[in-house]
Amino acid sequence: MTNYQKINKLMERGRELLGSKYALLGGAMTWISDANLVSAMANRGMFGVLASGAMDGIVLSREVASTQLKTPYNFGVNIILMNPHLHDLVDVCGAAHVSHIVFAGGIPDKTIIDKSHSYGMRVFAFAPILSIAKRLFKHGIDALILEGNEAGGHVGSVSTMVLIQDILLNMKEYPIVVAGGILRGEVFASLLQLGAVACQMGTIFACSRESGAHPNFKRAFLQAKGRDAATPVQLHKKFSIAPVRAIANRATEEFVEKQREIIARFERGEISAEDGQLMLEHFWVGALRIAVKDGNVDRGSLMSGQIVQLITKEKSLSEIISDIMNEAELYLNNTVCSG
Ligand SMILES: Cc1cc2nc3c(=O)[nH]c(=O)nc-3n(C[C@H](O)[C@H](O)[C@H](O)COP(=O)(O)O)c2cc1C
């Protein structure tokens with residue numbers, strides 16, 4: 001055993017599920033979680049997840065191949081369920097022998113879960129309430145991700161703390177990953193003690209040294225406080241939009257304008273609610289690109305979790321991982337009932 005005797009023991013289930021050294025997922029981040037970052041995570045013992053965002057099958061197959069060239073280790077692919085190329089994307093992953101698929105942006109149906117399993121891939125999905133969590137396991141998913149409202153990017157409306165008590169504590173025997181607002185090793189270890197199989201983080205990795213995000217994007221993160229990472233208001237009851245947590249800037253205001261314009265078209269009967277939601281989704285994907293790739297931190301979206309408050313300097317992946325493991329081990333060694 002290494003120095004990390006206690007935390008290693010707690011990570012056993014997660015390591016088996018993920019096939020990685022650490023029970024630590026680098027959550028998919030559109031435009032950021034590319035072949036470079038994901039392979040760097042995998043090579044350092046984490047489980048990285050490639051973001052397929054708005055990609056089609058051809059683009060994804062290139063990105064998967066490029067990741068596989070850079071690492072011999074497992075990684076996952078995140079697929080947004082409203083992507084019109086959904087089935088192609090699953091086929092691409094299956095043909096490339098990707099080990100895990102993470103479905104996001106909705107609840108996957110049994111057909112797409114079964115299709116992924118037919119390729120031998122493990123399937124992860126998100127659930128906002130206990131009944132959906134149970135249904136997803138009934139439909140055969142291999143692990144559930146609970147992502148609280150304090151996370152960066154598209155979020156549900158319930159906090160990590162509530163999801164832990166509603167779902168994790170009621171389904172301890174199931175493999176559950178917790179995400180949203182996690183950074184310190186003490187919290188990572190405590191969640192594993194409470195029954196989580198692994199933890200997923202995003203915001204911290206967006207500003208890691210290995211992240212290809214523009215320096216302006218990273219700088220904005222290093223300067224922001226938790227209160228800056230907010231979700232814009234929803235303007236119409238019937239027009240439900242997934243809230244997006246991002247550091248408030250001009251893009252946030254433009255999103256509210258865009259929402260107004262789309263709602264007006266919806267009310268005039270020109271577009272369906274689904275079309276409108278897809279248009280808003282495209283707005284975010286485009287705005288995120290402007291910030292991450294072009295470094296325009298005024299007009300682009302700075303999707304970030306509230307944990308940004310704790311991030312004050314750019315660290316390498318190795319530093320981030322060893323800080324978490326050291327904090328976790330120290331915490332477990334100092335806890336009377338650490339097991
Ligand atoms: C810039 C950014 C982009 C993201 N894009 C995606 C995405 O494309 N798909 C997804 O499932 N989650 C996405 N997320 C959520 C992360 O995968 C992860 O679950 C989340 O960041 C964890 O919470 P944390 O930010 O508090 O660490 C994104 C998060 C950020 C910060």
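Axes are lines fitted to C-alpha atoms, for helices over the stretch in contact, and angles run from 0 to 180 degrees between N-to-C directions. Helices (H or I, at least four residues) and strands (E, at least two) are DSSP runs, numbered from the N terminus. The structure is a predicted model, in which local features need pLDDT of at least 70, side-chain atom pairs count only at pLDDT 80 or more, and totals for chains, interfaces and linings use all residues. Residues are numbered from 1 along each chain as its sequence is written.

**Exercise 1.** Describe how helix α4 packs against helix α5.

Step 1. Helix α4 covers residues 57-70 and helix α5 covers residues 86-95; their axes come within 9 Å and cross at roughly 25°.

Step 2. Residues are in contact if their C-beta atoms, placed from the backbone, lie within 7 Å. From α4, the contact uses Gly57, Leu60, Ser61 and Val64, and from α5 it uses Asp88, Leu89, Asp91, Val92 and Cys93.

Step 3. By class, these residues of the contact of α4 with α5 are five nonpolar, two polar and two charged. Here Ala, Val, Leu, Ile, Met, Phe, Trp, Tyr, Cys and Pro count as nonpolar, Asp, Glu, Lys and Arg as charged, and the others, Gly among them, as polar.

**Exercise 2.** Determine how helices α12 and α13 are oriented to each other, and which residues meet.

Step 1. Helix α12 (residues 250-267) and helix α13 (residues 273-292) have axes 10 Å apart, at an angle of about 160°. The two helices α12 and α13 are therefore roughly antiparallel, and their crossing is right-handed.

Step 2. On the α12 side are Ala251, Phe255, Lys258, Gln259, Ile262 and Phe266; they meet Ala273, Gly276, Met279, Leu280, Phe283 and Ala287 of α13. The contact of α12 with α13 has nine nonpolar, two polar and one charged residues.

**Exercise 3.** State how the chain divides into domains and how these touch.

Step 1. The domain assignment, whose bounds come from an automatic or database source, gives domain 1 (5-212 + 313-333) and domain 2 (215-306). Taken over C-alpha atoms, the centres of domain 1 and domain 2 are 23 Å apart.

Step 2. In domain 1, 21 residues are in contact with 20 residues of domain 2. Both β7 (153-154) and α10 supply at least two residues each to the side of domain 1 that touches domain 2. This side of domain 1 has eight nonpolar, 10 polar and three charged residues.

**Exercise 4.** Characterise the shell of residues around the ligand.

Step 1. Of the 26 residues around the ligand, those that come nearest are Gly27, Gly152, Gly153, Gly202 and Gly305; a residue counts as near if its C-beta atom, placed from the backbone, lies within 6 Å. The elements giving two or more residues to this shell are β9 (198-201) and α10 (203-206).

Step 2. The shell around the ligand comprises 11 nonpolar, 13 polar and two charged residues. Domain 1 and domain 2 each contribute at least three residues to the shell around the ligand.

Notes:
Two residues are in contact if their C-beta atoms, placed from the backbone, lie within 7 Å. Angles under 35 degrees count as roughly parallel, over 145 as roughly antiparallel, 65 to 115 as roughly perpendicular and the rest as oblique. A crossing is left-handed if the near helix is turned anticlockwise from the far one by less than a right angle, and right-handed if clockwise.
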